[in-house]
Structures are given as structure tokens and as C-alpha cells.
Amino acid sequence: MKIIHITDTHLMPAGETLYGLDPSARLKRVLDDVVQSQADADLVVLTGDLTQDGNPLAYAQLGKLLADLPMPVRLLLGNHDARENFRAAFPAHPVDSHGYIQSMMPVPGSDDCLLFLDSNSAAEIGGRFCPDRAQWLRETLATRPEAALTVFIHHPPVAHGMAHFNNIGMHDSRTLMEILSAHPGGVRHIFFGHIHIPLTGTTRDGIGFTAGRGCTHQFRQDFQNPAPDWIAGVPNYAVITITPEQLSCHGVDTLDAQMIAAATFCAGP
Ligand SMILES: [Fe+2]
């Protein structure tokens with residue numbers, strides 16, 4: 001299975017800018033590249049901060065930008081989103097029994113499942129995985145104990161090493177990680193957004209994790225600075241490939257890259 005991971009699009013109503021950037025133009029650049037270069041992808045996942053402030057007009061703009069994609073899309077909420085406005089704009093999007101934007105998707109032809117989790121907390125910047133959400137997750141995982149999980153969530157449920165996020169990470173990540181770590185089928189990987197910089201790692205339990213970089217704006221990689229600069233970076237996405245043997249993730253920059261030399265195929269050894 002091939003999945004496109006995009007995060008932190010921070011869309012504004014059409015025509016409005018954010019920090020001098022046009023979030024819609026940057027997402028369009030990414031989506032155009034996906035259609036042109038990754039047309040065989042099975043799924044596109046956006047891991048939250050879909051919009052800058054949950055404005056219904058921004059969700060309308062998101063729907064318009066995604067409308068022509070040839071592959072299905074799963075959307076997650078971030079702290080900048082507004083659940084009710086999202087649900088009004090995307091009424092057919094899967095939700096759990098409590099109305100949280102959570103679902104599980106089997107990977108065809110395998111024992112794998114994709115998990116899409118909702119860490120949005122209306123009154124907080126940091127993430128929450130409340131008892132209702134945890135109950136849904138326990139009940140859902142109990143239906144597929146053998147499934148190997150690939151998890152998508154906005155807030156990082158792991159240590160991120162970014163001083164800016166010390167008080168606004170995921171406040172109750174222990175609950176989530178205990179549930180995931182106890183799952184018999186195991187967790188292949190966790191993908192998230194929120195921190196706007198690239199990050200990869202592995203927990204002590206051997207669970208791998210990767211952060212997307214932010215489609216619209218990124219943080220300067222000044223990890224210990226509690227107030228690092230926002231930088232434009234390059235509109236980007238990741239290509240996740242899941243096979244029985246391996247899960248891999250390629251980062252893609254939508255650069256107008258200048259060719260500096262022709263490469264030749266290396267026949268080996
Ligand atoms: Fe964000």
C-alpha cells in the first residue's frame with residue numbers, strides 16, 4: 001500500500017495569506033505533484049491543522065482543493081481545527097460513536113490496519129486522548145487483535161525534543177501509548193504532525209515514529225529555542241510504502257530543482 005502523508009496545511013479562506021504565504025497555493029502545489037508523480041498512491045492522509053483557525057470557509061477551500069484527487073483521502077484534526085465546523089464541511093467523513101474523527105481502515109490483502117486518531121481538544125493547544133476516545137480504541141482494536149497497526153495522529157505521543165512544544169505536546173500520551181503497546185498485533189509506525197519539523201525515532205518498545213514537516217510553514221530547526229523562527233521551507237509531503245516485509249517513508253520536496261549533473265545507473269558490485 002502506498003500512502004501520501006501531508007500535514008499542517010493551515011488553510012485560510014480562499015485568497016487569504018498566513019505569514020505572507022498562501023496556504024492554498026502551497027497545498028495545491030503538493031497535490032499537483034502527487035497527481036503527477038504519485039498517481040498510483042492508494043490513499044492521501046492529512047494529519048491535522050487542516051485549517052489555521054477552523055473557519056468554515058477554510059474547510060470549504062480544503063474540500064475544493066481535494067475534490068479532484070483520484071485517490072481517497074482521510075483527514076485528521078489538529079489543535080487549530082474546529083470539530084463541528086469540520087463535520088459540517090465533511091459530513092461523510094468517518095467518525096467514531098462519540099463523534100470524534102477516528103476510524104480504522106484495513107489494508108487490503110494483509111493483516112495490516114491503518115488507525116486515524118483524533119487528538120484535538122477544543123480548549124487546549126496540546127493534544128488529548130480522553131476516556132471516550134480510549135474506549136473506542138480499545139474496543140476497535142479488540143475486533144482485530146492480530147492486525148499490525150500504522151497510526152496517524154496530529155499530536156506526537158512521543159518525546160519530540162522541541163522546547164517550543166514542551167507545554168503543548170500531547171498531554172496524556174501515556175494512555176494512548178499503553179493501549180498501542182499492549183496491542184497483540186504490534187504497531188509498525190506512528191505518523192504525526194504538530195511540530196512542523198522532520199523527526200524520526202523509535203520508542204523503547206520498538207515503535208517507530210515520523211513527523212511530517214508542515215506543508216505551509218515550518219519551524220527553524222532550533223530545537224532548544226522555546227520561540228524559534230517560523231520559516232517558509234518548501235511545500236512537501238511523504239510517500240509511505242507498506243509491504244509485508246517493511247514500512248518505508250520517502251520525503252518529497254516540491255522543488256523546482258536545478259539539475260547539476262546526469263547520474264548513471266550503477267550496475268554494481
Ligand atoms: Fe500546525
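Helix H2 spans residues 56-66, and its residues Ala58, Tyr59, Gln61 and Leu62 are buried (20 or more other C-beta atoms within 10 Å of a residue's own, C-beta atoms being placed from the backbone). Because these residues cover an arc of only 155° around the axis, they lie on the same side of H2; the arc is that of the directions from the helix axis to the C-beta atoms. Helix H1 (23-37) and helix H3 (83-89) are among what covers the buried residues of H2. Helices (H or I, at least four residues) and strands (E, at least two) are DSSP runs, numbered from the N terminus.

This is a predicted model, in which local features need pLDDT of at least 70 and side-chain atom pairs count only at pLDDT 80 or more, while totals for chains, interfaces and linings use all residues. Residues are numbered from 1 along each chain as its sequence is written.

The largest nonpolar core has 56 residues; such a core is a set of buried Ala, Val, Leu, Ile, Met, Phe, Trp, Tyr and Cys residues joined through C-beta atoms within 7 Å. Val151 is one of those with the most contacts inside this core. Beyond its neighbours within four places in sequence, Val151 is in contact (C-beta atoms within 7 Å) with Leu115, Leu117, Leu180, Val187 and Ile190.

Six strands form an open sheet with mixed pairing, in the order E4-E5-E6-E7-E9-E8. E4 and E8 stand at the edges with a single partner strand each, so one side of each has no neighbour in the sheet. Two strands pair if DSSP finds at least two bridges between them. E8 and E9 pair in the antiparallel sense over four bridges, and Thr200 has Thr210 in E9 as its bridge partner.

| E4 | 103-106 |
| E8 | 199-202 |

Conventions: A residue is buried if 20 or more other C-beta atoms lie within 10 Å of its own, exposed if 12 or fewer, and partly exposed in between; C-beta atoms are placed from the backbone. Two residues are in contact if their C-beta atoms, placed from the backbone, lie within 7 Å.
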